[in-house]
Structures are given as structure tokens and as C-alpha cells.
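Have a look at the picture first, then read on.

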Amino acid sequence: MADSVETLRMTEIVCIRAQVKQWRSAGESIAFVPTMGNLHAGHLQLVSAAKAQADRVVVSIFVNPTQFGESEDFSTYPRTLDADIEKLQSLAVDIAFVPLNEEIYPDIAMTEVCVSQISDNYCGAARPGHFNGVATVVSKLFNIVQPDYAFFGEKDFQQLAVIRAMVTDLNIPVEIISVPTFREADGLAMSSRNSRLTEQQRKQAAKLYQSLKLAKQAVLARQCTYAEIERQFMQLLIGQGFKPDYFSICRRQDLQAATVEDTQLIILLAARLGKVRLIDNIQLDI
Ligand code: AMP
């Protein structure tokens with residue numbers, strides 16, 4: 001276990017590689033939790049699950065520029081590195097990997113990872129290039145850390161599906177483990193972006209999860225088609241002051257539009273409140 005902030009935090013790829021190599025030769029297993037920092041209790045659930053799974057835990061903190069579009073919030077994304085490191089230290093994480101942008105993205109780079117189909121709709125359609133940025137940086141981080149296990153939140157369900165597909169397709173030797181969405185008392189999914197909501201917007205934001213729960217009831221009641229339910233809830237969110245990107249009833253397995261024959265479903269949504277874009281989802285079995 002690291003005994004000071006200085007030993008906990010690592011910035012260089014060669015250093016983390018050397019440390020992981022040492023652990024491996026001692027027969028220890030390694031779990032990895034990639035994050036963009038501004039850590040909240042949702043992230044810490046992933047860290048706890050990682051600690052329960054493996055001998056060593058590496059958490060990365062890197063606000064990845066390539067997954068933000070030009071008009072998106074890269075520059076205003078909340079950065080709270082010192083507080084993050086303290087949180088990780090209190091959970092006895094072994095390494096906080098905080099790479100510099102230049103190390104992850106040297107000037108000359110010709111390779112990009114594109115996971116087709118599963119990346120195309122929903123957040124992929126609303127944020128062109130987003131999942132290429134995610135898949136590329138996560139594959140680089142996997143190659144740097146070479147973990148046995150990697151932990152991802154179900155809050156970003158499409159991202160989780162993209163990573164699972166990438167790991168399968170590219171034979172990356174890591175087991176992906178998902179962790180359920182951790183919520184505030186009023187149901188709002190915890191997110192780094194919540195801190196950018198005004199007090200009024202913060203109250204309003206809880207309606208997103210309420211709408212997902214209502215839509216789940218509507219699906220189970222089977223009184224309207226899925227397309228009608230999606231339309232009604234898009235209208236409901238617009239009426240409540242959101243600008244929704246999508247509200248979609250999908251098959252959990254491949255995120256295609258659900259049909260009445262499908263039994264394992266997920267309802268995905270993304271909506272803007274002022275300048276803040278929020279996403280959430282709810283799973284249901286018929
Ligand atoms: P981020 O820092 O937003 O890139 O998130 C890092 C990881 O934490 C991703 O795998 C997210 O899905 C996960 N995560 C974020 N918020 C939550 C939450 N409320 N509950 C569970 N996992 C979360």
C-alpha cells in the first residue's frame with residue numbers, strides 16, 4: 001500500500017509499467033478503474049469493488065480531450081486533483097495514475113480505435129467521435145496498466161457496451177466488471193457534471209430518474225408501443241425544461257431498438273439542462 005500522496009501518484013508510463021511488473025512477478029492480481037477525476041461516491045463504488053477483487057488497485061485520472069467534441073465542456077470539466085488523491089489515499093488505492101497529456105498523446109499518432117455499430121446511436125450520434133476517443137484512450141490505458149480486471153459504471157451503459165465489444169474483438173486479456181449506478185437520495189445518478197448544475201437545476205435533474213421509473217412501468221403495462229412511450233417521455237422532458245437528445249427503449253444485449261419479443265431491456269436517456277448534459281438509464285426484465 002502506498003504510504004504517502006507522493007508514492008500514490010504516478011505520472012510516467014515507464015514507472016507504472018515497472019511497478020505493475022514487480023507486482024506481477026510477486027504473483028499479485030491487478031484491478032484498474034479508469035476515471036476523469038472529480039471523484040464522487042459513484043467512482044468510489046468502483047474502487048471498492050476493485051479492492052474486493054484484486055490484490056492491487058490502480059485508478060487513473062485523465063480528462064481525455066479526444067472524447068470531447070469542439071463545442072463540449074472539456075475546458076470547464078471539473079478538475080479537483082488534490083481532493084481526488086486524498087479520497088483514493090483514504091481507500092488505500094495503490095496507484096493514482098495521472099498521466100500528462102503529452103505522454104498519452106505524443107505529436108505523431110496514427111491509430112484510432114473505432115468500435116462500429118454499438119457506437120453509432122444514442123451518445124455516439126449526439127456526440128460524433130466521442131466513443132472513438134473513449135475506445136482509443138481506454139485501449140491505451142489497458143496497454144499501459146495491463147490489468148487483470150477493469151471496472152466500469154453501468155451509468156455509462158453504452159460506454160460499457162463499447163468497451164466490452166472492444167475487449168472481445170481485439171482479444172484484450174482483461175475481464176470487464178460492471179458496477180450498478182450509484183444515486184443521490186432523490187435518485188439523481190451521481191456524476192461529476194452534477195456540480196455544474198445551479199440549485200434549481202439540481203432539483204429539476206432528479207426528474208430524469210423519475211421519468212425512467214415511470215417509463216419502466218409503462219413498458220411493463222404493455223398498453224402502448226415502445227415508440228409511443230419514447231415519444232411521450234421525450235415530450236414530458238421537454239415540458240419539464242430539459243432538452244433531451246434521446247429517450248430510447250433498447251435491447252440490453254446489443255442496444256438495438258427493443259421489440260416486443262425482447263425480454264432484457266434498458267431505457268437509455270440523455271438530456272441537457274442549461275449547459276449541462278446528463279445521462280441515465282434503467283434496466284428491466286420482462
Ligand atoms: P468518469 O470519471 O465520468 O469518466 O467515470 C469513470 C467511471 O465511473 C466510469 O466507468 C463511469 O461509468 C463510472 N461512474 C460514474 N458515475 C457513476 C455512478 N453514479 N455510479 C456508478 N459508476 C459511475
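## The second largest pocket

Let's start with the second largest pocket, which has 19 lining residues; Ile61, Phe62, Val63, Arg79 and Val98 are the ones nearest its centre. A pocket here is an open set of points on a 1 Å grid over the protein atoms alone, with protein on both sides within 12 Å along at least five of seven lines, and a lining residue has an atom within 4 Å of a point. The volume of this pocket comes to about 270 Å³, where a volume is the space filled by probe spheres set on the points, joined across faces, edges and corners. Its lining splits into 11 nonpolar, five polar and three charged residues (Ala, Val, Leu, Ile, Met, Phe, Trp, Tyr, Cys and Pro count as nonpolar, Asp, Glu, Lys and Arg as charged, the others, Gly among them, as polar).

A word on the ground rules: this is a predicted model, where local features need pLDDT of at least 70 and side-chain atom pairs pLDDT 80 or more, while totals for chains, interfaces and linings use all residues. Residues are numbered from 1 along each chain as its sequence is written, and side-chain values use heavy atoms, with hydrogens and water left out.

## Rings and charges

There are seven aromatic pairs in the structure (rings of Phe, Tyr and Trp, the latter by its six-membered ring, with centres within 6.5 Å; planes under 30 degrees apart are stacked, over 60 edge-to-face, the rest tilted). One of them joins Phe68 and Phe74 edge-to-face, at 5.4 Å centre to centre and 65° between the planes. Phe68 also pairs with Tyr77: the centres are 5.8 Å apart and the planes at 75°, so this pair is edge-to-face. Phe68 is buried at 9% relative accessibility, and Tyr77 is buried at 8%, whereas Phe74 is partly exposed at 29% (buried is under 20% relative accessible area, exposed over 50%, partly exposed in between, with a 1.4 Å probe and protein chains only).

Elsewhere, Phe32, Phe142 and Phe152 are linked into a cluster by ring pairs. Arg79 has its charged end over the ring of Phe74, 4.8 Å from the centre (the rule asks for NZ of Lys or CZ of Arg within 6 Å of the ring centre and within 35 degrees of the ring normal). Arg183 lies over the face of Tyr209, 3.5 Å from the ring centre.

## Around the ligand

What surrounds the ligand? There are 17 residues, the closest being Met36, His43, Asp156, Phe182 and Met190 (a residue is near if one of its heavy atoms lies within 4 Å). An oxygen atom of the ligand is 2.6 Å from a side-chain N or O atom of Asp156.

Notes:
1 Å grid on protein atoms, 1.4 Å probe; cavity = no way out; pocket = protein on both sides within 12 Å on 5 of 7 lines; lining within 4 Å. Polar contact = N/O pair within 3.5 Å; in protein donor to acceptor, adjacent residues only side chain to side chain.
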